[in-house]
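Here are my notes for your review. Please read them with the model open.

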Amino acid sequence: MDDALAFSALVLALSGQLVQEIHTSVSQQGFEDLRPAHGFAFARISAGGATAADLAEHLGVTKQAAAQLVEELVRKGYVERHPHPHDARARLLGLTETGWAATRAADRAARAAVASWREALGQARFGELVADLTLLAPPGPIRPAW
């Protein structure tokens, strides 16, 4: 297998493992009604300034699908809608305290999930990997500003 295919396969495998470990841990921390897609939505909403249309773009789904996801998260008490200051037709999305609690649970789970990677690589190599991936990651509202 050439390097490009190996890289793609390895990143996808690690990503899938990471998503599953975070989801399992978040569920075990009391958020059994959440799915991995909700976590991706929370990541965008927590960055601020998100509408359902922004969420649709972030998730790569239709506006209708994003609106249904938002409605589900509102109904479950994780997300709330606020008036948009510049567009009377749009609503800004925000996390409720329960939504922020789920986000903190996911943050703890993410740290725990990559702890074995940090241990396997050592702190210096792990830091270099994070720096390299930061160079490759696309810009956007959820990309951390380290």
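1. Start with Y78. In this predicted model, Y78 is buried, because its relative accessible area is 3%, and burial means under 20%. The rings of F42 and Y78 have centres 5.7 Å apart and planes at 45°, so this pair is tilted. F42 sits in helix α2, while Y78 sits in the loop between α4 and β1. The pair thus links distant parts of the chain, 36 residues apart. F42 is buried too.

2. Now take F31. The count of aromatic pairs is two. F31 and Y78 form a tilted pair, with ring centres 6.3 Å apart and planes at 55°. F31 lies in the loop between α1 and α2 (36-46), and Y78 in the loop between α4 (63-75) and β1 (79-83), so the pair ties together parts that are 47 residues apart in sequence. F31 is buried, at 11% relative accessible area.

3. F31, F42 and Y78 are linked into a cluster by ring pairs.

4. Which residues make the nonpolar surface patch? F7, V11, L129, L133, L135 and L136 do, and the patch covers about 600 Å². Helices α1 (3-28) and α6 (123-136) each supply at least two of its residues. The most comes from α6, with four residues.

5. L133 lies in helix α6. Its relative accessibility is 41%, so L133 counts as partly exposed. That class falls between under 20% for buried and over 50% for exposed.

Terms used: Residues numbered from 1 in each chain as written. Predicted model: local features only at pLDDT ≥ 70, side-chain atom pairs only at ≥ 80, totals over all residues. Heavy atoms only, no water. Patch = residues over 30% accessible without salt bridge, like charges linked within 9 Å, V, L, I, M, F, W, Y side chains within 5 Å. Areas by Shrake-Rupley, 256 points an atom, 1.4 Å probe, with all protein chains shown as cover. Salt bridge = Lys/Arg side-chain N within 4 Å of Asp/Glu carboxyl O. Buried < 20%, exposed > 50% of the residue type's maximum accessible area, 1.4 Å probe, protein only. Phe/Tyr/Trp six-rings, centres within 6.5 Å; stacked < 30°, edge-to-face > 60°.
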